[in-house]
Amino acid sequence: MPDFPAFPTLGLGDYGPVAPGSSRSARPAVLTAGFGGRYSQRTGDGINPLPRDFAFRSAKLRADQIEALDAFLLGRRGYLPFTFLVPGEARPRQFICPEWTTDYADRCKSTLTARFEENFDP
């Protein structure tokens with residue numbers, strides 16, 4: 001069996017809880033063939049037809065904690081996978097983070113919002 005790379009995990013212990021406003025979404029990839037007369041046939045597109053993304057919003061954190069979170073995401077460069085345990089789920093899933101925004105409202109109450117896209121690369 002091949003050795004798969006171990007991706008770093010974005011653990012939130014150092015960054016506090018996920019804040020209200022975070023959400024999970026799903027976009028099923030479906031192929032549809034229409035046959036006329038309102039008849040059709042559908043099937044999942046690909047081997048992973050149900051990616052579930054996560055809209056992450058951090059709790060209000062100190063600026064140094066936001067910088068550490070930002071440094072983690074910068075290190076993943078928007079295309080390198082990492083694992084993350086979505087609140088309410090039993091097992092971590094693999095994501096990439098193509099975009100994020102930091103709000104420095106104040107040195108003690110900064111937030112980071114990000115879009116985590118589920119990724120299935122080995």
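Predicted model: local features only at pLDDT ≥ 70, side-chain atom pairs only at ≥ 80, totals over all residues.
Figure 1. Although Arg-77 is not a glycine, its phi is positive, at about 55°. Most residues other than glycine have a negative phi.

**Figure 2. Arg-38, an exposed residue in the loop between strands S2 and S3.** Arg-38 is placed in the loop between strand S2 (30–36) and strand S3 (39–44). With a relative accessibility of 86%, which is over 50%, Arg-38 counts as exposed.

**Figure 3. Helix H1 and the strands against which its buried residues pack.** H1 has 14 residues, and the distance from its first C-alpha to its last is 20 Å, close to the 20 Å that would be expected at 1.5 Å a residue. The buried residues of the helix are Ala-63, Gln-65, Ile-66, Leu-69, Asp-70, Phe-72, Leu-73 and Arg-76. These buried residues of H1 pack against S4, S5, S6 and strand S7 (111–118). For orientation, the secondary structure of the protein comes to one helix and seven strands, which, read along the sequence, follow the pattern β-β-β-β-α-β-β-β.

**Figure 4. The aromatic pair of Phe-56 and Phe-84, one of the ring pairs in the protein.** The count of aromatic pairs comes to nine. In one of them, the rings of Phe-56 and Phe-84 have their centres 6.1 Å apart and their planes at 85°, so the pair is edge-to-face. This pair links distant parts of the chain, with Phe-56 in strand S4 (residues 52–57) and Phe-84 in strand S5, 28 residues apart. Phe-56 counts as buried at 3% relative accessibility, and Phe-84 counts as buried at 1%.

**Figure 5. The aromatic pair of Phe-72 and Phe-82, between helix H1 and strand S5.** Phe-72 and Phe-82 form an edge-to-face pair, with 5.6 Å from centre to centre and 85° between the planes. Phe-72 belongs to helix H1 and Phe-82 to strand S5, so the pair ties together parts that are ten residues apart in sequence. Phe-72, at 17% relative accessibility, counts as buried because this value is under 20%, and Phe-82 counts as buried at 0%. Ring pairs also link Phe-72 and Phe-82 into a cluster whose other members are Phe-54, Phe-56, Phe-84, Phe-95 and Phe-116.

Figure 6. Arg-93 lies in strand S6 (residues 93–103) and has a relative accessible area of 8%, so it is buried. Its side chain is joined to that of Glu-89 by a polar contact of 2.8 Å. A polar atom of the Arg-93 side chain also lies 2.7 Å from the backbone oxygen of Arg-52. When neighbours within four places in sequence are left aside, the residues in contact with Arg-93 are Arg-24, Arg-52, Phe-82, Thr-83, Phe-84, Val-86 and Glu-118. Phe-82 and Phe-84, both listed among these contacts, also belong to the cluster of linked rings.

Figure 7. Cys-97 counts as buried, at 3% relative accessibility, whereas Cys-108 is exposed, with a relative accessible area of 53%. The count of disulfides comes to zero.

**Figure 8. The protein as a whole, as a setting for the close-up views.** Of the 122 residues of the protein, 34% count as buried. The accessible surface of the protein comes to about 8000 Å², and 54% of this area belongs to carbon and sulfur atoms. Among the contacts in the protein with a separation of 6 or more, 62% are accounted for by residues 24 or more positions apart.

Definitions and conventions: Residues numbered from 1 in each chain as written. Heavy atoms only, no water. Helix = DSSP H or I, 4+ residues; strand = E, 2+ residues; numbered from the N terminus. Buried < 20%, exposed > 50% of the residue type's maximum accessible area, 1.4 Å probe, protein only. Polar contact = N/O pair within 3.5 Å; in protein donor to acceptor, adjacent residues only side chain to side chain. Contact = heavy atoms within 4.5 Å. Phe/Tyr/Trp six-rings, centres within 6.5 Å; stacked < 30°, edge-to-face > 60°. Areas by Shrake-Rupley, 256 points an atom, 1.4 Å probe, with all protein chains shown as cover. Expected span 1.5 Å × (residues − 1). Disulfide = S-S within 2.5 Å.
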